[in-house]
Amino acid sequence: MAAVRKPVLLGLRDLAVQGSPTGPSAWTASKLGGIPDALPAVAAPRPVCERCKEPQTLVVQVYCPLEGSPFHRLLHVFSCARPKCGDSGPRSWKVFRSQCLQVHEKEAQIFFQKQENGLVAENWCEGANDWGSDSEEAPPPQLTLDFVHESNSAKDVDCTAQLQDLRLQDTVLDATHSVPPAEGMALPTIVPQFLPYYICVVDEDDYRDLVSLDHAHSLLRDYQQREGIGMEQLLSQSFFSDGNEKYEKTKIKSGDQMFYKFMKRIAACQEQILRYSWSGEPLFLTCPTSEITDIPACSHCGGQRIFEFQLMPALISMLQSANLGLSVEFGTILVYTCEKSCWPQNHQTPMEEFCIIQEDPDELLFK
């Protein structure tokens, strides 16, 4: 029996963020650039680069609560974008996960008791199945995702009404002003940032049968001419091999095939800046290394980490520096998070997750 393919949602750049939104309208929105928003009672992550020791820059913020969970859930991806640093490797990228309860404290205690008894919370928050969905269709299993910011919508009104009743430690804290930065993180005078834009979401399947692949074929022809590789040769290469010797001989060719598959898959929606598929399969740009099979366990609960989303090459040209001459370079960034999405009671600092950087084998194709 064939495995069921996990749904894939694509993030696209939307309208520019105007002003300095605060409260639920800020942290329930996904965006690229700007400064990180903080959930109630959780400090905003403000990491520093391990190499140059300067504050890192927010690349994306993704609001992604999981179905059946009582938590608001926010992921932040940072990079050192200062030109003087010049470190585009793993040390220059960091991912943080923040969570806070979206239900009453008394109800939360019941949830934690059910967790201890091995029970699964169902229909925990009334209307939870509507989070991240603009239609009557059921959301993907185990996932509700709200990429797009929609002002004056019924969804925002419902969200605000629920949050007005939220009580953590007898008060709702304004994390921007009342909660200090997480320990070991910087609080800079000048915050390096890219110009902020909201991220909207579309289903990849909506594009698959509607868009021509002519542009992808054109890009591939250019690539073949530069590399001297014929189409038949490119398509006939096998990524898998039986022995080390055969692997060495086909390593470059299999890399070409991996690159071709990447280009073909994104051709239907070339402007995608993010691919989201919780517990799904990443879209590799280059041949995966042993790093893919050696994903470290969650540093808190010891559980395994799973793929959640990846940043795409189109994002690079959309990150416009607001100050300090910032820029980043990458092929794709693969983000892995705790499968259990663990979060201790009354925890107030973001948890660091894990990411893998795959470099772009041919930057000319994305310009």
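In what order do the strands of the open sheet follow one another, and with what pairing? The open sheet holds 11 strands in the order β10-β5-β4-β3-β2-β6-β1-β7-β8-β9-β11, with antiparallel pairing; strands are DSSP runs of E of at least two residues and helices are runs of H or I of at least four, both numbered from the N terminus, and two strands are taken to pair if DSSP finds at least two bridges between them. The structure is a predicted model, in which local features need pLDDT of at least 70 and side-chain atom pairs count only at pLDDT 80 or more, while totals for chains, interfaces and linings use all residues. Residues are numbered from 1 along each chain as its sequence is written, and side-chain values use heavy atoms, with hydrogens and water left out.

At the edges of the sheet stand β10 (351-352) and β11 (354-358), each of which has a single partner strand, so that one side of each is left without a neighbour in the sheet. Strand β1 (residues 9-16) runs antiparallel to strand β6 (residues 197-203), to which it is joined by 6 bridges, and L10 has V202 in β6 as its bridge partner. The charged end of R13 sits over the ring of Y197, at 4.5 Å from the ring centre, where the criterion is that NZ of Lys or CZ of Arg be within 6 Å of the ring centre and within 35 degrees of the ring normal.

Strand β3 (residues 57-63) is largely enclosed by the rest of the structure, because 7 of its 7 residues are buried; buried denotes under 20% relative accessible area, exposed over 50%, and partly exposed the range in between, as computed with a 1.4 Å probe on protein chains only. On one pairing, β3 meets strand β2 (residues 31-32) in the antiparallel sense over 2 bridges, with K31 standing opposite Q61 in β3. On another, 6 bridges join β3 to strand β4 (residues 71-79), again in antiparallel fashion, and the bridge partner of V60 in β4 is V77.

V60 also belongs to the largest nonpolar core, which has 33 residues and in which V60, W93, Y276, F309, L311 and L315 have the most contacts; a nonpolar core is a set of buried Ala, Val, Leu, Ile, Met, Phe, Trp, Tyr and Cys residues joined through side-chain atoms within 4.5 Å. When residues up to four places away in sequence are not counted, V60 touches K31, L32, L75, H76, V77, I199, F309, L311 and L315, contact being defined as heavy atoms within 4.5 Å. A second, separate core of 13 residues includes L39, Y63, F71 and W343. In soluble globular proteins, nonpolar side chains tend to be buried together.

Aromatic pairs number 4, under the rule that rings of Phe, Tyr and Trp (its six-membered ring) pair if their centres lie within 6.5 Å, with planes under 30 degrees apart counted as stacked, over 60 as edge-to-face and the rest as tilted. One of them is the edge-to-face pair of W93 and F330, at 5.5 Å centre to centre and with 85 degrees between the planes. This pair links distant parts of the chain, since W93 lies in strand β5 (residues 93-101) and F330 in the loop between α9 (314-318) and β9 (332-338), 237 residues apart; both W93 and F330 are buried. F307 and Y336 likewise form an edge-to-face pair, at 5.8 Å centre to centre and with 70 degrees between the planes. As F307 lies in strand β8 (residues 305-311) and Y336 in strand β9, the pair ties together parts that are 29 residues apart in sequence, and F307 and Y336 are both buried.

Salt bridges number 7, each being a side-chain nitrogen of Lys or Arg within 4 Å of a carboxyl oxygen of Asp or Glu. Among them is the bridge between D37 and K31, at 3.1 Å from N to O; D37 counts as buried at 13% relative accessibility, and K31 is buried with a relative accessible area of 8%. R97 forms a salt bridge with E353, the closest N and O atoms being 2.7 Å apart, and because R97 lies in strand β5 and E353 in the loop between β10 and β11, the pair ties together parts that are 256 residues apart in sequence. The side chains of R305 and E353 meet in a further salt bridge, at 2.6 Å from N to O, which links R305 in strand β8 to a loop position 48 residues apart. R305 counts as buried at 9% relative accessibility, as does E353 at 6%. Through shared partners, salt bridges join R97, R305 and E353 into one network.
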